[in-house]
Amino acid sequence: IDSTTHDTERIYVKFRDDVPVRLRDGKPAAAGANANIMGAATGLLNRGLNEFAVQEYRKFLGAHATHEKAPLARYGLGVALFRLQKFEEAANELAPLEQTKDFQFATEVNLIRGQSLLALQRPSEATQSFSRIVNEHSDHAKAGDASALLVESLYRDGRHKEAQEAA
């Protein structure tokens with residue numbers, strides 16, 4: 001860490017870009033790549049500092065779009081945007097991950113994207129997200145929530161008979 005700047009409302013930590021860092025899995029990162037951005041972004045997200053997390057995740061994705069941790073960064077970005085009630089942006093960021101079955105947070109991606117789409121009054125699209133959870137991740141702890149939201153999205157979409165059947 002190079003320096004810390006204090007503001008009346010926020011603390012900013014500046015990382016030196018000229019120092020090579022190591023990722024958590026022990027693989028070295030290129031000098032100047034500042035792979036520590038990912039750890040900083042996740043720390044900010046975990047502390048509820050969503051605006052700062054958005055900035056750090058976007059910085060990481062801008063510099064490392066094809067990195068093996070890019071899907072995790074995109075997920076973190078989507079979560080932060082959802083928490084900030086930036087539903088359109090959240091839905092757009094999560095869309096590429098939605099059908100990725102081997103992604104460790106696939107269920108959460110579909111759940112958050114579906115809720116974002118419901119908030120945007122797009123129940124037909126939300127139905128697809130919730131259906132994916134119910135059909136492909138029925139053993140997940142959030143499957144019950146997805147099932148209830150599926151009924152709601154079907155109802156909002158005017159598909160009342162399907163909503164009754166899904167209930």
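This is a predicted model: local features need pLDDT of at least 70, side-chain atom pairs count only at pLDDT 80 or more; totals for chains, interfaces and linings use all residues.
1. Let's start with helix 3, which covers residues 70–83. Its 14 residues reach 20 Å from the first C-alpha to the last, close to the 20 Å expected at 1.5 Å a residue.

2. Which residues of helix 3 are buried? They are Ala70, Ala73, Tyr75, Gly76, Leu77, Gly78, Val79, Ala80 and Leu81. As for their surroundings, the buried residues of helix 3 pack against helix 1 (36–46), helix 2 (50–63), helix 4 (87–94) and helix 5.

3. The pairing with helix 5 (residues 106–119) deserves a paragraph of its own. The axes of helix 3 and helix 5 are 11 Å apart, and the angle between the two helices is about 35°. The crossing of helix 3 past helix 5 is left-handed.

4. Now for the side of each helix that takes part. Helix 3 brings Tyr75, Val79 and Phe82 to this contact, while helix 5 brings Glu108, Val109, Ile112, Gln115 and Ser116. Sorted by class, the contact of helix 3 with helix 5 has five nonpolar residues, two polar ones and one charged one.

5. Is Thr107 buried or exposed? Thr107 counts as buried because its relative accessibility is 4%, and the cut-off for buried is under 20%. Leaving aside residues up to four places away in sequence, Thr107 touches Ile133, His137, His140 and Lys142.

6. Two loop residues are worth a look if you check backbone torsions. After helix 3 comes Gln85, with a positive phi near 60°, in a residue other than glycine. Gln85 sits in the loop between helix 3 and helix 4. With a relative accessible area of 60%, Gln85 is exposed.

7. The other loop residue is Gln121, in the loop between helix 5 and helix 6 (123–136). What is the phi of Gln121 near? Phi of Gln121 is near 60°, again a positive value in a residue other than glycine. Gln121 is exposed too, with a relative accessible area of 59%.

Technical notes: Residues are numbered from 1 along each chain as its sequence is written. Side-chain values use heavy atoms; hydrogens and water are left out. Axes are lines fitted to C-alpha atoms, for helices over the stretch in contact, and angles run from 0 to 180 degrees between N-to-C directions. Helices (H or I, at least four residues) and strands (E, at least two) are DSSP runs, numbered from the N terminus. A crossing is left-handed if the near helix is turned anticlockwise from the far one by less than a right angle, and right-handed if clockwise. Contact means heavy atoms within 4.5 Å. Ala, Val, Leu, Ile, Met, Phe, Trp, Tyr, Cys and Pro count as nonpolar, Asp, Glu, Lys and Arg as charged, and the others, Gly among them, as polar. Buried means under 20% relative accessible area, exposed over 50%, partly exposed in between (1.4 Å probe, protein chains only). The expected span of a helix is 1.5 Å times one less than its number of residues.
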